Structures are given as C-alpha cells and as structure tokens.
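User: I have a chain open on my screen and would like to talk it through with you. Could we start with the overall picture and then go to single residues?

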Amino acid sequence: MDIMGVDEAGRGPVLGPMVIGGIVVPEKMNPVLERMGVKDSKKLTPERRAVLARKLSKMFDYDTVIISAKDIDNLRSKGVNLNDIEKLGMIKLIRKLNPEEVIIDAVDIKELRFQNQIQKEIGDDIKVIAKHKADDTYVQVGAASIMAKVTRDNIIADINKDYEDMGGIGSGYPSDPHTKHFLSKFTYNELPDFVRKSWNTVKKMKDDESQLRF
C-alpha cells in the first residue's frame, strides 16, 4: 500500500512561510527509511536533514505547499485560523499526490475531529489517519517533516543572505533575540513582505508606534 505522510514546518515563526510537506512511501519501504535514520526532523541536525531530503526526493513522489507570510496574514484577516490554513494546504497536497492512505500530524487538539474534517474534504477513496506527534510514530510522517523543514530552511537561508548587511534575520521565531533585533530596524509600514504582520509580536509594534504619535 502507498501511504502518504504529511507534516508542516514553520507554523509558529513571525518570519517566512509555513511549508507543508507530503511524501508517498510504499509500506514495504518502511524498514529502508528506518535504516536510513528517517525520523522527526526536529531530532536531526540541519546537515543530516539536508542529506536525507536529497535521498528521499530521488526515491519517492513528494511535493510541498508553501504558504507565504502575506497569504497567512490575508487569510487570517478573513477569519481563517491557522489550523484551517494548514488544513487547506494539506488537502491540496493529498489531492495532488493521491495516495491510498494518508497519515497526518494532527494540528487540532482533537485528533478525530481533524481527521474527519480532512476525510470529508477528500472523500472516502483515501483513508485518513490523523495523530498527534505522528512525525515521531510514523516513518512516512517523519519523512514529510524532513521535506517540509528543509524546504523552509532553504527559503530562510536565502532571505538571510539578502539581509546579511543588516546582520541577518535570525531563526524567524518571535522569541529569538536576533529576530527581534531585525524587526526593530523597521517601522510597521516598512516591514518586508516575509514578515507575518498578523503575529502579536508585530501587531504590538504597530500599537506602540500609534501611541507614540499621540
């Protein structure tokens, strides 16, 4: 059976896109992936992730959906929450790769609710399983997490190069002092388009600037 793993990278950062990765792995290949050391991307070094991503891309059908910071902001302004934004990307990937079964790292606190929502959208021809920490439990989802993470890391690395003369952008996470320092160099209206303006970190900048004008 061809089983598709689905996972995301970049859900929480204030900078850069969210990337959803999907990869279709024949069930008989699970032992091969395990021997390769495929696991949740967070448990691998950047170098190891990059090596595995290159190998996986040559072995299996895969794809990614890249949801830009601007698209995230636009959708949130229309009342679409982050879970639903992620769900839309996952559905797009599943329809494109069309596996027999799909295993998803559930983003909803209620696994079954999330599973049923995806199942309803794609129909009964594809079996859907949604579990918390699926990237830890299912090797297909671990593989998907690697593809998503490496894709996002490459995007962030390219952005960093563009801003080397300003000291770079850091990891992109709101708690990163390097990222905070980068954001502090702009007014709200000057922020680059890879900044998620709907994040509280950035909205606070706008509020603080408004207060200074009065």
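Analyst: What follows is a talk about the chain as a whole and then about some of its residues, and please keep in mind that this is a predicted model.

User: Okay, how many helices and strands does the chain have?

Analyst: The chain has nine helices and five strands, and read along the sequence they follow the pattern β-β-α-α-β-α-α-β-α-β-α-α-α-α.

User: And what is its radius of gyration against that of a compact globule?

Analyst: The chain has a radius of gyration of 18 Å, which agrees with the value near 17 Å that a compact globule of 214 residues would have. Along its principal axes, the C-alpha trace spans about 65 × 35 × 25 Å.

User: What share of the residues is buried?

Analyst: Buried residues make up 49% of the 214 in the chain. As for the surface, the chain exposes about 11,300 Å², and carbon and sulfur atoms supply 49% of that area.

User: What about contacts between residues 24 or more positions apart?

Analyst: Such pairs account for 69% of the contacts in the chain, counting those with a separation of 6 or more.

User: Switching to charge, how many positive and negative side chains are there?

Analyst: There are 35 positive and 34 negative side chains, and the centres of the two sets lie 2 Å apart.

User: Now single residues. Where is serine 198, and is it buried or exposed?

Analyst: Serine 198 lies in the loop between helix H8 (177-184) and helix H9 (200-212), and it counts as buried because its relative accessibility of 15% is under the 20% cut-off.

User: Which side chains does serine 198 make polar contacts with?

Analyst: The side chain of serine 198 is joined to that of aspartate 73 by a polar contact of 2.6 Å, and it also makes one of 3.2 Å with the side chain of arginine 76. If residues up to four places away in sequence are not counted, serine 198 touches Asp73, Arg76 and Lys203.

User: There's another serine I'm curious about, serine 145. Buried or exposed?

Analyst: Serine 145 is buried, with a relative accessible area of 1%, and its place is in helix H7 (residues 139-162). Leaving aside neighbours within four places in sequence, serine 145 is in contact with Asp7, Lys39, Asp40, Ser41 and Asp135.

User: And arginine 113, what does its side chain do?

Analyst: The side chain of arginine 113 makes a polar contact of 2.7 Å with the side chain of aspartate 108. Arginine 113 sits in helix H5 (residues 111-122) and is partly exposed, since its relative accessible area of 39% falls between the cut-offs of 20% and 50%.

User: How far is arginine 113 from methionine 36?

Analyst: Their C-alpha atoms are separated by 33 Å, and the two residues are 77 apart along the chain.

User: Last topic, backbone angles. What is phi for asparagine 98 and for lysine 133?

Analyst: Phi is near 50° for asparagine 98 and near 55° for lysine 133, in each case a positive value in a residue other than glycine. Most residues other than glycine have a negative phi.

User: Where are those two, and are they buried or exposed?

Analyst: Asparagine 98 is found in the loop between helix H4 (82-97) and strand E4 (101-105), and at 54% relative accessibility it counts as exposed. Lysine 133 is in the loop between strand E5 (127-131) and helix H6 (134-137), and it is exposed, with a relative accessible area of 60%.

How values were computed. Residues numbered from 1 in each chain as written. Predicted model: local features only at pLDDT ≥ 70, side-chain atom pairs only at ≥ 80, totals over all residues. Heavy atoms only, no water. Helix = DSSP H or I, 4+ residues; strand = E, 2+ residues; numbered from the N terminus. Rg over C-alpha atoms; globule rule 2.2 N^0.38 Å. Buried < 20%, exposed > 50% of the residue type's maximum accessible area, 1.4 Å probe, protein only. Contact = heavy atoms within 4.5 Å. Areas by Shrake-Rupley, 256 points an atom, 1.4 Å probe, with all protein chains shown as cover. Lys, Arg positive; Asp, Glu negative; His and termini not counted. Charge placed at Lys NZ, Arg CZ, Asp CG, Glu CD. Polar contact = N/O pair within 3.5 Å; in protein donor to acceptor, adjacent residues only side chain to side chain.
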